[in-house]
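I kept this notebook while looking around a structure that was new to me. Come along and check each entry against the picture.

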Amino acid sequence: MTSDNDRRRGLLARLRGRPVARSRGRRRLGAAVRLVAALMLAGGAYTVLAPGASAQENPPLSSAAADGKALFDVSCVSCHGRNAQGIEGRGPSLIGVGAASVEFQVGTGRMPMARQEAQAARKPVVFKPDQIDQLAAYVQELGGGPVVPAGDNLQAGGNIAIGGELYRINCSQCHAFSGGGGALSSGKYAPSLAPATDRQIYAAMLSGPQNMPVFGDNQITPEQKADIIAYIQQTLKEQGDPGGFNLGRYGPSTEGVAIFLVGIVALVFASLWIAGKS
Amino acid sequence: MKRRKFDMAAVPGNTARAVDDRFQVATPLRRLLNKVFPDHWSFLLGEIALFSFIVLLLTGVFLTFFFEPTMTEVIYNGSYAPLRGTPMSAAYASTLDISFDVRGGLIMRQMHHWAALLFMAAIVVHMLRVFFTGAFRKPRETNWIIGSLLFWVGFLAGFTGYSLPDDGLSGTGLRIASAIILSIPVIGTWVSAAVFNGEFPGTIIISRFYIAHVLLVPGLLVALISAHLGLVFKQKHTQWPGPGRTNANVVGERMFPRYAIKQGGFFMVVFGVIALLGGLFQINPLWLFGPYEAWVVSAASQPDWYVMFLDGSTRLMPDWEIHLPIGDGYVIPPLFWPTVVLPGILVGLSLFYPFLEARYLKDYRSHNLLQRPRDVPFRTGLGAMAVTFYVILTLTGANDVIADKFHISLNAMTWAGRIGLLLLPPLAYYVTYRICLGLQQHDREVLAHGVETGIIRRMPDGRFVEVHQPLTTPDEHGHAELPYVGWVVPKKMNRLGALGPAVRGFFFPIEKPAEAPVSPGHPPVEPRPEREEVGSGETRR
């Protein structure tokens with residue numbers, strides 16, 4: 001029933017259907033209901049939006065996040081503080097670091113940290129995968145932040161030539177041409193990329209863990225991230241070394257060790273042998 | 001027709017006679033073939049350098065067939081997928097082609113690089129042998145100088161070769177070299193502009209380094225090596241002191257046949273070791289470094305080992321910048337001291353050491369007999385000091401790799417290097433000096449009291465004494481002191497024939513072990529049977 005008449009009327013009126021003559025009592029009742037609804041709306045909006053004691057007591061956590069908070073309160077709270085707000089001199093605030101950060105730090109065993117030192121080292125993972133997901137959900141719901149895209153294969157469609165160029169420009173200064181890692185100042189270091197999975201490399205680029213800078217999607221687009229991961233996983237790790245044993249790919253320093261330990265030692269023995277035959 | 005019988009056995013003689021009739025070579029050749037070389041394993045170390053130089057020439061010639069020494073930009077389209085489509089210089093692209101598309105190219109490149117490292121390593125090891133045995137003394141100072149120059153020219157050859165592939169690593173090295181040149185006061189900018197034909201990197205440096213690397217520097221090396229060997233020939237090789245060996249003779253093997261055959265065999269061994277290294281160990285995976293771009297500097301970018309001491313001295317240098325208020329003001333950057341002044345001092349010290357030592361000892365005589373390191377403690381100490389200094393600088397050149405792989409703070413490594421560079425060389429001098437004196441002392445002890453037999457005798461009063469075997473018949477006081485002559489003193493009973501001679505042979509015994517004496521309580525006191533004196537022209541056994 002879409003007459004011209006119907007179209008000229010307001011939206012609420014159209015929703016209500018045809019106009020009916022209403023009694024005075026019903027009009028009063030309607031006004032009272034509207035007033036109560038408006039008050040409830042205002043109060044509800046205040047409850048949701050306004051900061052205060054009531055907001056802290058009643059965080060809108062999903063069940064996974066609630067489980068994550070329970071884990072957090074047992075394992076992480078000593079350094080990162082209540083509600084992950086951080087403790088000066090012990091651990092940073094986690095509000096806004098995002099699930100990517102949790103996935104990297106906890107998923108590689110770096111967190112929980114064994115002790116306070118220059119940098120947390122990779123070690124056996126403490127939490128189960130679903131627990132890590134719960135912690136990630138909790139931190140994500142605390143204040144948002146970067147999230148690693150779904151799936152285990154984040155190098156699909158990556159171009160290794162472009163990835164190689166990006167890797168050499170952005171990553172090789174610290175992780176070295178080989179991905180083997182390198183030293184930074186005062187005991188800090190860029191770790192080896194050998195054990196890193198696609199998701200961990202992606203999470204590291206997004207969250208910039210420890211001493212690594214953040215490579216957000218504005219600096220390196222998701223497609224470029226896939227290129228870099230493809231280069232690391234396919235070229236640096238899977239391709240192997242066409243020239244034989246790679247001496248750890250530490251550059252000319254181990255080559256210098258090898259020439260003395262292998263070349264000179266072998267030839268000094270050869271000269272002992274030759275000179276002994278007289 | 002009468003057929004003459006062909007006498008195969010007469011062919012060499014007839015040929016030799018025919019050659020001599022025409023060229024009169026028999027007399028000089030006889031002298032040459034009869035030339036005697038002393039025989040000791042440590043005299044073969046220089047040959048390692050010589051033979052690896054030959055391998056360098058052979059493999060280098062192969063590489064020139066495929067290398068394109070220009071910086072023209074090309075788009076790589078070879079078989080190494082991770083760089084396909086990348087713009088790069090023709091030099092780098094052709095190096096990638098050598099590595100991936102030329103048959104046998106990769107092993108040739110790797111052999112060339114390994115041979116270069118071995119060349120420098122053998123030079124250093126040979127130089128240490130010459131230094132610690134005093135072989136550089138008069139009349140051989142010139143050859144010492146030529147040898148030291150060979151190290152520095154080899155250094156230049158290595159650096160130009162390292163720069164040629166134009167990958168990320170060599171470009172980084174070149175950038176450092178340009179910074180070092182720029183740090184020289186007054187002339188630095190001019191020299192840099194002359195070398196690079198303008199601002200770094202320019203477009204010509206690869207072509208220039210190429211001609212230096214394949215013609216000028218190898219030409220210089222060949223000339224120096226020829227002079228070095230010619231002088232060894234003319235001045236004759238030094239020898240260890242020993243029975244029948246004096247300052248005025250040479251005891252050893254004739255050049256032909258044994259010495260020549262041994263050297264030929266040793267060349268094959270060196271070639272084989274280099275080929276094994278080239279085939280088994282990957283060196284400089286330049287495909288991972290990518291083409292050189294000014295903004296690409298990988299972690300662990302190090303020079304080859306023989307340049308690493310300069311990298312190390314730079315890392316240890318405090319940031320002392322000197323401002324000179326002359327004219328508009330000059331700045332001497334801190335880089336100048338560890339990379340220009342320090343190598344300058346090292347070159348000067350190494351070149352003139354023989355003269356400094358002769359002056360210090362007031363010893364201007366000719367020496368053809370070597371000295372054992374323990375017999376000249378101050379020189380051995382100085383050598384240990386120099387080695388310590390060099391090793392600390394070299395390790396510091398790789399201190400980021402060491403810090404990372406051994407979980408040490410890089411800052412701690414730097415400070416350990418700074419403190420170590422000042423404290424450890426004098427400590428090395430002292431310790432070496434004391435060890436030399438201790439070894440001398442032990443030799444003198446054996447000369448005075450004899451060899452320890454390991455037999456403990458209990459005296460009637462309950463004391464225990466060890467039985468010593470005197471080296472000569474004792475006089476009426478029971479003393480048998482022999483003069484100290486600076487040569488090996490037997491320290492074990494089987495050296496005196498008590499247990500029969502040690503079984504000889506490398507893989508299996510070439511002679512039957514002699515019967516050991518049966519009565520351990522009575523060490524044999526008969527003197528060792530006199531050995532035949534070894535003179536020139538006799539093979540020793």
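**Entry 1: one histidine**

I looked up B:His113 and found it buried, because its relative accessible area is 13% (buried means under 20% relative accessible area, exposed over 50%, partly exposed in between, with a 1.4 Å probe and protein chains only). B:His113 has its place in helix H5 of chain B; helices (H or I, at least four residues) and strands (E, at least two) are DSSP runs, numbered from the N terminus. Leaving aside residues up to four places away in sequence, I saw B:His113 touch B:Ile283, B:Asn284 and B:Asp304, where contact means heavy atoms within 4.5 Å.

A note to myself on the ground rules: this is a predicted model, in which local features need pLDDT of at least 70 and side-chain atom pairs count only at pLDDT 80 or more, while totals for chains, interfaces and linings use all residues. Residues are numbered from 1 along each chain as its sequence is written, chains are lettered from A and ligands numbered from 1 in the order in which they are written, and side-chain values use heavy atoms, with hydrogens and water left out.

**Entry 2: where the two chains meet**

How many residues does each chain bring to the contact? I noted 55 residues from chain A and 68 residues from chain B. Between them, about 4,900 Å² is buried, and carbon and sulfur atoms give 69% of that area; buried area is the accessible area (1.4 Å probe) that two parts lose on being put together, summed over both.

Which helix gives the most to the side of chain B that touches chain A? My answer is H10(B), with 10 residues. By class, I found 44 nonpolar, 12 polar and 12 charged residues on that side. Here Ala, Val, Leu, Ile, Met, Phe, Trp, Tyr, Cys and Pro count as nonpolar, Asp, Glu, Lys and Arg as charged, and the others, Gly among them, as polar.

**Entry 3: salt bridges elsewhere**

Side chains of opposite charge can pair when their charged atoms come close. Over all chains, I have 18 salt bridges in my notes.

I started with A:Asp73 and A:Lys69, whose side chains meet at 3.3 Å, N to O. Both lie in helix H5 (residues 63-75) of chain A, 4 residues apart, about one turn of the helix. A:Asp73 counts as partly exposed at 35% relative accessibility, and A:Lys69 counts as partly exposed at 22%.

B:Glu357 and B:Arg379 are both buried.

**Entry 4: a covered helix in chain A**

Chain A has 13 helices and 2 strands, and 37% of its 278 residues count as buried. I picked out helix H7 (residues 98-107) of chain A, which is mostly covered, with 10 of its 10 residues buried. Among them are A:Val102, A:Glu103 and A:Phe104. What covers the buried residues of H7(A) includes helix H8 (129-143) and helix H11 (198-207) of chain A. Just after H7(A), I spotted A:Gly109 with a positive phi of about 80°.

**Entry 5: a hairpin in chain B**

Last, I traced strand E7 (residues 451-458) and strand E8 (residues 464-469) of chain B, which pair in the antiparallel sense over 5 bridges; two strands pair if DSSP finds at least two bridges between them. B:Arg457 stands opposite B:Val465 in E8(B). The hairpin has 5 residues between the strands, and B:Gly462 takes a positive phi near 100° in it.

Key
Salt bridge = Lys/Arg side-chain N within 4 Å of Asp/Glu carboxyl O.
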